[in-house]
Amino acid sequence: APRIGVLALQGDVREHLAALTVAGAQAATVRRPEELAAVDAIVIPGGESTTMSRLLTVFDLFDPLRQRLADGMPAYGSCAGMILLATTILDTRPDARHLDALDITVRRNAFGRQVESFEADLEFDGISEWSGDTMRAVFIRAPWVESISPDVEVLARVPHGPAQGRIVAVRQGNVLATSFHPEVTGDRRVHAYFVDMVRGADDPA
Ligand code: GLN
């Protein structure tokens, strides 16, 4: 089974470990550079992106993680994780750092300050078709993807309401990101999709 790390500096780490295990991965927490070196792929959980950015630096993980991503390590970022993986972030703090692994512009807290959280049933490209079912998506002070580069694939959009059509799931090569939190719903399909991506990344081209 692929060894997949969950960045465990802050955020909902336990739910991701459980979801990855159910999806067939060997899941492990990552807090130290040695732990990062031992995994094949990484999940960056939700939480608070500017705090996580600061903790990555404090724990000496920022540069090694950025390097592993530049070398092609598969990654999945949920919510704050999506923000950290992006190349361009709107409405963040000027001192916040990010990992430049996903060629998108993300807007933090995009759904508005008064909108703490909401849920929607959406079509997830590559998952909904073969499982024949939409996905319940939970958004918590979530970002949306404001724009993408041509190599980025859109996997899901907000299905209705004032933010209808906004991009909330994307993939670029080995990097996957969602604005929402599949780890809190008991739906393991996004984690299973990521575990398949990590398996595929090992295949010779
Ligand atoms: N609003 C948070 C941030 O900017 C993300 C929220 C989340 O991860 N649930 O980092």
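Gly47 counts as buried, with 21 C-beta neighbours inside 10 Å, where a residue is called buried if 20 or more other C-beta atoms lie within 10 Å of its own, exposed if 12 or fewer, and partly exposed in between, the C-beta atoms being placed from the backbone. This is a predicted model, in which local features need pLDDT of at least 70 and side-chain atom pairs count only at pLDDT 80 or more, while totals for chains, interfaces and linings use all residues. Residues are numbered from 1 along each chain as its sequence is written. Gly47 lies in the loop between strand 3 (41-44) and helix 3 (49-58); helices (H or I, at least four residues) and strands (E, at least two) are DSSP runs, numbered from the N terminus. Not counting residues up to four places away in sequence, Gly47 touches Gln10, Gly11, Met52 and Ala80, a contact being a pair of residues whose C-beta atoms, placed from the backbone, lie within 7 Å.

The unreviewed UniProt entry applies the annotation "binding site" to Gly47, Glu48, Ser49, Arg108, Ile140 and Arg141; UniProt positions are given here in the numbering of this model, feature names are shortened, and annotations may be inferred rather than shown by experiment. These residues span 95 residues in sequence, yet no two of their C-alpha atoms are more than 12.8 Å apart, so they gather at one spot. Arg141, one of the annotated residues, is found in the loop between strand 8 (135-140) and strand 9 (144-148). With 17 C-beta neighbours inside 10 Å, Arg141 counts as partly exposed, and, leaving aside its neighbours within four places in sequence, Arg141 is in contact with Asn109 and Glu116.

## The ligand shell

The ligand is surrounded by Gly46, Gly47, Glu48, Ser49, Cys79, Ala80, Ile83, Arg108, Asn109, Ile140 and Arg141, a residue being near a molecule or strand if its C-beta atom, placed from the backbone, lies within 6 Å of it. By class, this shell holds four nonpolar, four polar and three charged residues, where Ala, Val, Leu, Ile, Met, Phe, Trp, Tyr, Cys and Pro count as nonpolar, Asp, Glu, Lys and Arg as charged, and the others, Gly among them, as polar.

## The annotated active site

For "active site", the unreviewed UniProt entry lists Cys79, His181 and Glu183. They span 105 residues in sequence, yet no two of their C-alpha atoms are more than 11.2 Å apart, so they gather at one spot.

His181 is found in the loop between strand 12 (175-178) and helix 7 (189-202), and Glu183 is placed in the loop between strand 12 and helix 7. His181 is buried, with 23 other C-beta atoms within 10 Å, and Glu183 is buried with 28 C-beta neighbours inside 10 Å. Not counting residues up to four places away in sequence, His181 touches Gly46, Ser78, Cys79, Val138 and Ile140. With its neighbours within four places in sequence left aside, Glu183 is in contact with Asp12, Glu15, His16, Ala19 and Ser78. Glu15, His16 and Ala19 are among the buried residues of helix 1 (residues 13-22), which also include Val13, Leu17 and Leu20.

## Nonpolar core

The largest nonpolar core has 65 residues, and those with the most contacts inside it are Leu20, Ile42, Ala75 and Leu85; such a core is a set of buried Ala, Val, Leu, Ile, Met, Phe, Trp, Tyr and Cys residues joined through C-beta atoms within 7 Å. The largest share of this core, five residues, comes from helix 5 (residues 80-85). Ile42 touches Gly5, Leu7, Val30, Met73 and Ala75, not counting residues up to four places away in sequence. In soluble globular proteins, nonpolar side chains tend to be buried together.

## Overall fold

The secondary structure of the protein chain comes to seven helices and 12 strands. The radius of gyration of the chain, taken over C-alpha atoms, is 15 Å, close to the 17 Å that the globule rule (2.2 Å times the number of residues to the power 0.38) gives for 205 residues, so the chain is as compact as a globular protein of that length. Along its principal axes the C-alpha trace spans about 45 × 40 × 30 Å. Buried residues make up 45% of the 205 residues, and, among contacts between residues at least 6 apart in sequence, 65% join residues at least 24 apart.

Terms used
Two residues are in contact if their C-beta atoms, placed from the backbone, lie within 7 Å.
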